[in-house]
Amino acid sequence: MKALKQRWNYLFCSTRGLTLVAIATVALITAIWGTLSGPMVEWGVRDITVKLLGMKLVPAEREGRIILLYHTIAMAILAIEVYFITSLLPMKRHEQVSINATITIGYLTVVIFGLAFGYFGRNFVFHGLFLLGLSLVFFAGLLLTAALWPWKKEYRLPPDSPYAHTKNGIDLERMAFFVMAVSTLISASFGAITGSYWGNGHETFLAEDLIRVPHKLVLQKAIIGHLHIMLTLIAIAITLIVGRWMDFKGILHRIAMPLMGFGTVVITAGALSVVWLPWAHITIYVGSVFVMLAALMYVIFSWDKLIKEGTAGIQKPTFFQKIGALLRDPLKFGPGWQMVFMNFTVSGVGIFMAVKLDEIFRVWPHREERITLTGHWHILAALIATIILFYYGDISRLKGKARKWYGWTIIIMSDLAFASATIFSMKRLFVDEINQQPLVNTVMLLMDFGLAMVLVALAIFMIWRLYDLFRANGFWRQEYLEEEKAAAKAELEEQQRKLEELKAIIEEVSE
Amino acid sequence: MKRAIVALAAALLLTACGPAPSISTIDPPYIDTGIDPDSWVTIPAGEFPYGQHDAMTLVDYDYEIMVTDVTVAQYAAFLNTALADGDIYIGEFEAQIGEVVQNDEGVGGFYPGDPFDGYDHEFPIDAGDYLYVPFAEGLRIRYEGGAFSPIEAYTNHPMTMVSWFGANAYCQYYGWRLPTEIEWEKAARGTEVDANGHGRPYPWGEEIHPNNANYYSSFDLFEKMFGKLGNTTPVGFYNGKTYEGYETLDSPSPYGLYDMAGNVWQWMGDDYPDQHYRYMRGGSFYSYEVDLRVWKNNSAGPWYYSPQVGFRCARDQ
């Protein structure tokens, strides 16, 4: 019983344990639901999954099912990001505990009942519980926003701090996290308000099916704005998280953080104003420039840091020694690299599409344009997932060869898959329909192979973590004790600070 | 270990890059399906569940629609008579597509143009001469000795590589027209609704099986020859017969129409305001099964032609 309780505490009361549960949940969803599309359908695996699990895949409900699936995965990813934020940024222990507990119950409720409603018969009790889960996640977001409040005295930075701050000492990185959290809450409201109206008799749709409809309804535009900005905000959050992980500081940090905060506000306003402003895209582009510049500064900082750390002790490192130092640790090199790679597979494609929309993409049939659109944002979502896996690999104490294999497999294989997907989606630029088969066959195979390898790496990692849980003194125990110690220390400091405050009040009153 | 991975990756690449015949380089065997492409059916007036969300929609007139897509042989015959009549001509056709000019050599003719509303992303379709079919790779009609003739193996396959202008011209030539989206969907799914008020998602019923229709990776006879992307099947192929050991399921719509899901996308006749796009229905041999659901559509400019797009006609009674 004690052994079970200890493991329960690890899995549900520590950052690493909570993250493990969430990653395992997403991995499980991916493993099962991944069999419902792509090559798994061709190989007949989907039919086995459907029969085995008793799924009910009504053709007319496919769009609704996909929306539920996106939401379940998105909530788990949000939860992971929140766990990282509550562990990386200073906040009170009780705040961390309540935020993590609320979002955990929330996302698990969303996952269980969202999937049950979507794939196992339309039981409206399940839908209600799915909405309850979403509400809990939202509530956790409110708690997080309150905890991140950047104007609190105790979180102000000293004037000589190497981190970005105002003259009054307000931590601008904390401000960027705060702005991201507030933007996420506002953007989630856009989806929630519209979604509830949809639930009252309006019709489900996928945004990519509406792109050529000249007159979209206001609520349709709200959904389109919502889904775009939510993914963007998840990307902004992970960029801020890895910045904290790499101890981003100095001059670049001082430039990047205001850019990130301001860019987040502008890009959010732009995405949501799609509802009523025809020129909203211009605002989005402006916001994107600020955010991407901030990300660029992180990349420069982190790579420079890796090179400096890797060549420490060498008086005049050569170019190759510097490259070797940069590539020495794939987990720390990975986030920056994926952000750079994103420009070729996501931002570049998006900008190219915007510039050449009428000349190229609107000349193609709708199905081709749709592939490009869905392709580039699926890639963005998957890139974010890989960055989460790098960070989690690092805090899970992956070392030596295992660290290198895990890191490089994710980098190389995911990039192979994403590059192939990009070529597939843009294939009409290089080949006409009549001659596309060899190209399609090749890129489809590379895409499937790359993704399969990433999933294999993740599966091995998850199995190792599962095996570790059965060990009495496994890594899980060390991680748990370490976090317990850190939490106790933080709690003690908090109590001491509180004690000082109370003493000061008593003295003030006595006088 | 490293060697094994490199070898595996190389093997995968070699497999992918191996010979994959383009659909224009091999002629399939001629297969007679026994379905008459000259036959029509009447769709009676009445309500039917329209779209994914089954909005009950009234079509208040009877109309007729072709049982199959227009075949290559039928289109070749049209080109011959229309050429003789002087309705069409062979030449170079220039299409102004937004800022891009597309030049094609082929057969074309006059189109009176569409109303232009000047809306965002809308291109004007002015009166003028437009391409019907290009003399391009993939066209299954030969032009030799002043006459058009179908390539033998494709005689009864759906006509493809035909622009919307070419599809519209064919129907107009015989005094018919392209069906509207509403007419097409009614003909595809019928009027039946289940206890929950839902119409059928596929012409033949609730579920799709690879032997129901020609779609991506449906393992039909032609995918064995042309790879996963496959090729068109003769019109009416999925009628319950067995061809060279490949068993099909009889998959007509409630009104007896064939190929209303898969094989080729079908041009629709609607010209909606504020856009120049023309819509297509039915999905094709390139489509995943989700695009074979009767309410799904596709769109492109009327100048677009493709090996996966064909059409059928409708007419008023």
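How many residue pairs are in polar contact between chain B and chain A, with both residues at pLDDT 80 or more? The count is 23. The model behind this number is predicted.

## Interface between the chains

The contact involves 57 residues of chain B and 37 residues of chain A. Interface size is often expressed as the accessible area lost when the parts come together. Here chain B and chain A bury about 4,200 Å² between them. Carbon and sulfur atoms account for 55% of that area.

Charge pairing also features. Side chains of opposite charge can pair when their charged atoms come close. Six salt bridges are counted between chain B and chain A. One joins Glu63(A) to Arg293(B), with 2.7 Å between the closest N and O atoms.

Which elements of chain B each supply at least two residues of the side that touches chain A? They are helix H1 (2-17) and strand E14 (297-300). H1(B) gives the largest share, six residues. By class, this side of chain B has 33 nonpolar, 15 polar and nine charged residues.

## Sheets of chain B

Strands of a sheet pair through backbone hydrogen bonds, in a parallel or an antiparallel sense.

One open sheet has three strands in the order E1-E4-E16 (chain B), with antiparallel pairing. Strand E1 (40-43) and strand E16 (314-316) of chain B each have a single partner strand, so each edge strand has one side without a neighbour in the sheet. From one strand to the next, the twist averages 30 degrees. E1(B) pairs with strand E4 (residues 63-66) of chain B over four bridges. Within this pairing, Thr42(B) stands opposite Glu64(B). Helix H4 (residues 181-189) of chain B lies across E1, E4 and E16 of chain B. H4(B) runs at about 75 degrees to E4(B).

A second open sheet has four strands, ordered E14-E13-E12-E15 (chain B), and its pairing is mixed. Its edges are E14 and strand E15 (309-310) of chain B; each has a single partner strand, so one side of each is left without a neighbour in the sheet. Strand E12 (residues 265-267) and strand E13 (residues 278-281) of chain B run antiparallel, joined by two bridges. Gln266(B) has Arg281(B) in E13(B) as its bridge partner. Chain A reaches this sheet too: helix H15 (residues 366-395) of chain A packs on it, touching E12 and E14 of chain B. The direction of H15(A) makes about 100 degrees with that of E14(B).

Strand E2 (residues 46-50) and strand E3 (residues 55-59) of chain B form a hairpin with four residues between them. In the turn, Gly51(B) has a positive phi of about 80 degrees. Tyr50(B) stands opposite Ala55(B) in E3(B).

| Strand pair | Bridges | Residues paired |
|---|---|---|
| E12(B) and E13(B) | two bridges | Gln266(B) and Arg281(B) |

## Salt bridges overall

Over all chains, the whole structure holds 42 salt bridges. Among them is the pair Arg16(A) and Glu483(A), at 3.2 Å from N to O. Why does this pair tie together parts 467 residues apart in sequence? Arg16(A) lies in helix H2 (residues 15-33) of chain A, while Glu483(A) lies in helix H18 (residues 475-510) of chain A, so the link spans that separation.

Definitions and conventions
Residues are numbered from 1 along each chain as its sequence is written. Chains are lettered from A and ligands numbered from 1 in the order in which they are written. This is a predicted model: local features need pLDDT of at least 70, side-chain atom pairs count only at pLDDT 80 or more; totals for chains, interfaces and linings use all residues. Side-chain values use heavy atoms; hydrogens and water are left out. Contact means heavy atoms within 4.5 Å. Buried area is the accessible area (1.4 Å probe) that two parts lose on being put together, summed over both. A salt bridge is a side-chain nitrogen of Lys or Arg within 4 Å of a carboxyl oxygen of Asp or Glu. A polar contact is a pair of N or O atoms within 3.5 Å; within protein, one must be able to donate a hydrogen and the other to accept it, and residues adjacent in sequence count only if both atoms are side-chain atoms. Ala, Val, Leu, Ile, Met, Phe, Trp, Tyr, Cys and Pro count as nonpolar, Asp, Glu, Lys and Arg as charged, and the others, Gly among them, as polar. Two strands pair if DSSP finds at least two bridges between them. Axes are lines fitted to C-alpha atoms, for helices over the stretch in contact, and angles run from 0 to 180 degrees between N-to-C directions.
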